[in-house]
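Morning, everyone. Please have the sequence and the model open while I talk.

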Amino acid sequence: MKSFRISGILMIVVLVFAAGIVWNVYSRLRDSEDPAGQNREAKTVPVEVAQIEHGPIELRRTFSGTLEPYTQLVISPKITSRVERLHVDLGDIVEQGQIVAELDNDEYVQAVAQAEADLLVARANLVEAENALEIASRELSRFETLRSRGVASESQFDVARADHLSKESRREVARAQVARAEALLETARIRLGYTRIAAQWADKDSYRVVAERYVHEGETVGANSPLFSIVALDPVTGVIFATEKDYGKLETGQAATLETDAYPEKLFTGRIDRIAPVFGQATRQAKIELRIDNPGYKLKPGMFIRVTVVLDRIDDAVIIPRQALTSRDDRSGIFVVNEDTQRVSWREVLTGIEE
């Protein structure tokens with residue numbers, strides 16, 4: 001009996017507590033709404049206004065790319081030999097015509113000496129042939145005189161004439177041998193010159209830089225084996241790729257600015273030098289090359305760059321903040337504030353360049 005009384009008291013307490021919570025919620029709802037069910041206090045939404053401006057605006061595109069050497073030359077020997085001496089190394093500046101390497105030349109020096117000796121023999125044979133021809137000429141002249149006097153027979157004259165023609169032929173053969181020996185000597189000297197390897201290029205720039213060294217002194221290299229890679233660092237080439245959307249707005253000579261992580265606070269300038277006439281099948285992008293002046297050699301081939309190009313410009317445009325543009329039913333527009341009435345109206349606009 002006693003436990004039943006305690007349970008009833010607890011139930012009454014719980015019911016009273018629940019009723020208090022319900023009354024509290026009801027009071028808050030009543031305070032927040034008027035009898036018609038509307039908010040007693042209208043909520044305000046903070047907004048920011050900006051003046052509509054007139055002035056120039058530009059359409060800019062930023063492309064990611066990389067730097068490449070404007071020109072690159074791989075120096076290789078024309079003969080097979082052992083590398084005897086290297087005169088330049090990685091990072092060295094090379095002048096036009098400078099000797100960058102020397103190969104073992106003992107074999108080629110000997111070849112020149114042998115060719116010179118062969119030329120001396122050929123010239124001696126020529127002298128001998130010319131002397132024999134001179135004697136034969138005098139003999140033929142004497143027989144002509146004797147024949148005219150009736151002392152020498154016709155057969156004797158024919159023998160002298162045949163001997164003269166033979167000596168004349170020997171002289172021509174000796175001359176040809178001299179010419180051949182001279183050519184062989186020149187060939188031997190040229191091959192000897194191949195042992196001194198010079199840096200030669202067709203461009204007008206006087207200096208280039210060694211980008212790679214592929215061999216060491218003492219190694220035996222074959223003909224056309226690479227020794228050095230020499231590049232031009234001023235100017236350098238910037239390579240980017242453009243989609244069809246931007247391709248039609250790019251043209252040669254167009255100015256561009258670029259940035260690189262190596263010098264984050266410095267802007268470099270360049271111009272579009274070449275535009276590929278085709279798009280890649282896989283990427284659907286066209287290759288664009290820029291010529292970038294690099295007098296201090298700060299920019300290096302292989303660096304990543306960000307290139308910004310102005311694709312279009314309007315000198316007198318109506319300019320609004322990008323955040324003010326809204327959409328309604330697939331139409332673009334802005335909210336305009338009437339300064340006199342302080343009322344806001346939405347107006348449709350035609351968007352152009354976004355900067």
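How many bridges join S15 to S16? The count is 3, and the two strands run antiparallel. Some ground rules before I go on. This is a predicted model, where local features need pLDDT of at least 70, side-chain atom pairs count only at pLDDT 80 or more, and totals for chains, interfaces and linings use all residues. Residues are numbered from 1 along each chain as its sequence is written, and side-chain values use heavy atoms, with hydrogens and water left out.

Now the terms. Strands are DSSP runs of E, at least two residues long, numbered from the N terminus. Two strands pair if DSSP finds at least two bridges between them.

Back to the sheet. It is open, has 3 strands in the order S15-S16-S17, and its pairing is antiparallel. Strand S15 (326-328) and strand S17 (344-348) are at the edges. Each has a single partner strand, so one side of each has no neighbour in the sheet. From one strand to the next, the twist averages 45 degrees. That angle is taken between N-to-C directions, on a scale from 0 to 180 degrees, with axes fitted as lines to C-alpha atoms.

What holds such strands together? Strands of a sheet pair through backbone hydrogen bonds, either parallel or antiparallel.

Next, the second pair. S16 and S17 are antiparallel, over 5 bridges. They form a hairpin, with 6 residues between them. In the turn, Gln342 has a positive phi of about 60 degrees.

Look at Gly333. Its bridge partner in S17 is Glu348. Thr326, in turn, has Gly333 as its bridge partner in S16.

Now Ser332. This residue lies in strand S16 (residues 331-337). The cut-offs are under 20% relative accessible area for buried, over 50% for exposed, and partly exposed in between, using a 1.4 Å probe and protein chains only. Ser332 and Glu348 are 16 residues apart along the chain, yet their C-alpha atoms are separated by 5.7 Å.

Last stop, Thr308. It is found in strand S14 (residues 304-319). Thr308 is buried, because its relative accessible area is 16%. Which residues does Thr308 touch? Not counting residues up to four places away in sequence, they are Arg60, Arg61, Thr62, Ala256 and Thr257. Contact here means heavy atoms within 4.5 Å.

Thanks. Questions, please.

How values were computed. Helix = DSSP H or I, 4+ residues; strand = E, 2+ residues; numbered from the N terminus.
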